[in-house]
Amino acid sequence: MKQALKTAISPTREEDYAEWYQQVVRVADLAETSAVRGCMVIKPWGYSLWENIQRVLDGMFKATGHQNAYFPLFIPLSYLQKEAEHVEGFAKECAVVTHHRLEAGPDGNLVPAGELTEPLVVRPTSETIIGATFAKWVQSYRDLPLLINQWANVVRWEMRPRIFLRTTEFLWQEGHTVHASAQEAQEETERMLDVYADFAERYMAIPVIKGEKTDSERFPGAVSTYCIEAMMQDRKALQAGTSHFLGQNFARSSEITFSDVTGKEAHAWTTSWGVSTRLIGGLIMTHSDDNGLILPPRLAPRHVVILPMLRKDKNRAEILAYCKRVAQELRGLRYDDQPLQVELDTRDASGGEKVWSWIKKGVPLRVEIGQRELDNDALFVGRRDQTQSERSSQARAEFVQTVTKQLDEIQAALLERARTLRDQYTRRIDSKDEFYDFFTPQNRDKPEIHAGFALSHWNGQPGIEETIKNDLNVTIRCIPLDAPEEDGRCIMSGEPSRRRVIFAKSY
RNA sequence: CGGGGCGUAGCGCAGCUUGGUAGCGCACCUGCCUUGGGAGCAGGGGGUCGGCCGUUCAAAUCGGCUCGCCCCGACCA
């Protein structure tokens with residue numbers, strides 16, 4: 001008999017966090033790398049997770065008055081150039097289309113031909129082309145606010161891809177809105193940040209900190225950038241979503257103007273905001289353990305998997321019939337306003353093999369059904385947020401009655417667990433020595449699990465940020481919005497400060 | 001794009017130092033037997049050893065170039 005593995009994933013998080021992450025992606029069947037550098041294939045299990053994220057967010061966008069539309073993949077080069085800061089920020093990572101045809105070359109291989117008069121940039125983000133379109137749509141204050149979202153793919157030619165976290169092509173949504181006043185645009189920016197934070201906590205079970213970015217981390221072309229920041233299990237920060245107040249910058253470069261109530265022509269105020277497939281990376285790194293993925297029930301493609309434990313010589317048919325009956329009963333239920341998703345795993349594999357495959361894929365509830373359950377009209381239930389030894393027998397009727405409550409409990413437990421971890425590794429630090437000590441790796445040769453978040457005072461000077469980044473590879477993740485003002489002194493300069501900011505290593 | 005590491009079957013690896021034409025475990029296929037913590041037995045399929053060029057009678061093995069992946073940076077969602 002094969003020896004039982006200690007953990008399904010090897011190496012463990014502690015042993016090699018980066019490798020563990022890739023293993024989870026692979027064994028959970030979420031995605032794989034492709035023939036194209038930096039681009040991933042999202043497999044059905046991973047894509048259905050994305051579909052659930054889309055469904056929920058899309059509902060939240062609609063509920064806040066937004067409509068979906070779709071804009072071109074290609075952006076004329078001249079559009080991108082219109083906003084100086086914007087082009088500077090993205091120029092280094094643009095894929096550029098220069099030809100529109102292939103012809104056989106002298107050696108028979110195809111070569112690009114038909115050079116374009118103006119190169120097209122594959123969108124890294126769509127502010128410029130959407131701005132040009134909005135300029136035509138907006139004439140009067142009566143056309144405002146204009147609240148649009150698009151689900152799309154974008155391309156950013158990153159130097160260091162990491163599956164889900166930083167791929168060359170990624171899927172996202174980008175909201176783009178136009179308003180008649182700065183205040184309205186500012187309110188929209190904050191509203192959508194709230195939507196993201198709400199989604200992260202209530203659906204992804206990821207506790208996040210809402211904050212504003214410093215100048216050095218601001219979106220190119222924005223007046224101000226807001227973000228939600230989460231702590232991963234290696235205690236690095238992950239920016240999970242951003243919302244930008246663009247002021248009149250893009251309205252000026254795209255000439256989005258309107259006649260106000262008095263008939264006066266004015267530039268509009270715009271916002272943009274987005275989350276991407278990076279969220280899936282964040283989900284993995286927040287909840288998963290050394291046995292694989294753990295999915296929050298509200299986003300899980302399957303809520304319950306039923307695993308028949310069959311013996312050849314005994315009541316196979318009866319056990320299977322019982323399994324089907326349970327599946328049918330469960331499928332009649334609803335969870336979180338959606339049909340409860342139930343999988344009956346009838347694969348011809350051993351019980352252990354089936355159980356572990358679903359553990360690795362992160363399904364919240366596993367129901368094992370064999371002769372004992374059939375005899376007692378019961379189910380043997382395992383929760384993915386608990387260990388295998390914590391499984392328990394439950395009466396069938398009781399399980400059916402309480403399954404949604406059990407899913408809610410798992411959802412809440414995951415959020416609580418993540419919040420506890422984050423709080424445990426968040427420290428208020430008031431001296432430079434302690435700060436440097438905090439962020440200096442314990443094991444210089446292999447720094448994998450990091451220190452966490454430091455809440456410290458900062459004098460607002462970019463020079464200090466840069467020094468800290470150069471010394472420790474630590475940056476200001478955000479200036480928290482909810483933090484109370486307090487008197488303190490910058491840990492580096494000793495100058496007075498009114499507010500703590502979050503320092504951390506980040507993805 | 002800089003520094004380091006690694007490319008041998010789907011996954012994980014050995015073989016390379018000392019050249020002789022490829023192996024192991026898991027996975028996969030068939031049969032039997034099994035299925036409640038990742039089963040067993042028997043048989044079987046699958047690799048131009050990342051690619052190109054060179055050295056050689058002969059290259060997974062030696063040399064050069066190149067591509068890709070991973071880690072640490074810089075850049076970034």
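## Basis

This is a predicted model: local features need pLDDT of at least 70, side-chain atom pairs count only at pLDDT 80 or more, and totals for chains, interfaces and linings use all residues. Residues are numbered from 1 along each chain as its sequence is written, chains are lettered from A and ligands numbered from 1 in the order written, and side-chain values use heavy atoms, without hydrogens and water.

Strand β11 spans residues 237-245. Eight of its nine residues are buried (under 20% relative accessible area, 1.4 Å probe, protein chains only). Strands are DSSP runs of E, at least two residues, and helices are runs of H or I, at least four, numbered from the N terminus.

β11 runs antiparallel to β10 (residues 224-231), with eight bridges. Strands pair if DSSP finds at least two bridges between them. Y226 faces S243. Five residues separate the two strands of this hairpin, and R235 in the turn has a positive phi of about 70 degrees. β11 also pairs with β14 (residues 269-276), antiparallel, over four bridges. There, T242 stands opposite G274.

## Around RNA strand B

RNA strand B is surrounded by 46 residues, each with a heavy atom within 4 Å of it. The closest are R160, R278, R311, K360 and E373. Helix α10 gives the largest share of this surface, five residues.

Bases are contacted too. A backbone N or O atom of T167 lies 2.5 Å from a base nitrogen. The side chain of R316 has an N or O atom 2.8 Å from a base oxygen.

How values were computed: Buried < 20%, exposed > 50% of the residue type's maximum accessible area, 1.4 Å probe, protein only. Polar contact = N/O pair within 3.5 Å; in protein donor to acceptor, adjacent residues only side chain to side chain.
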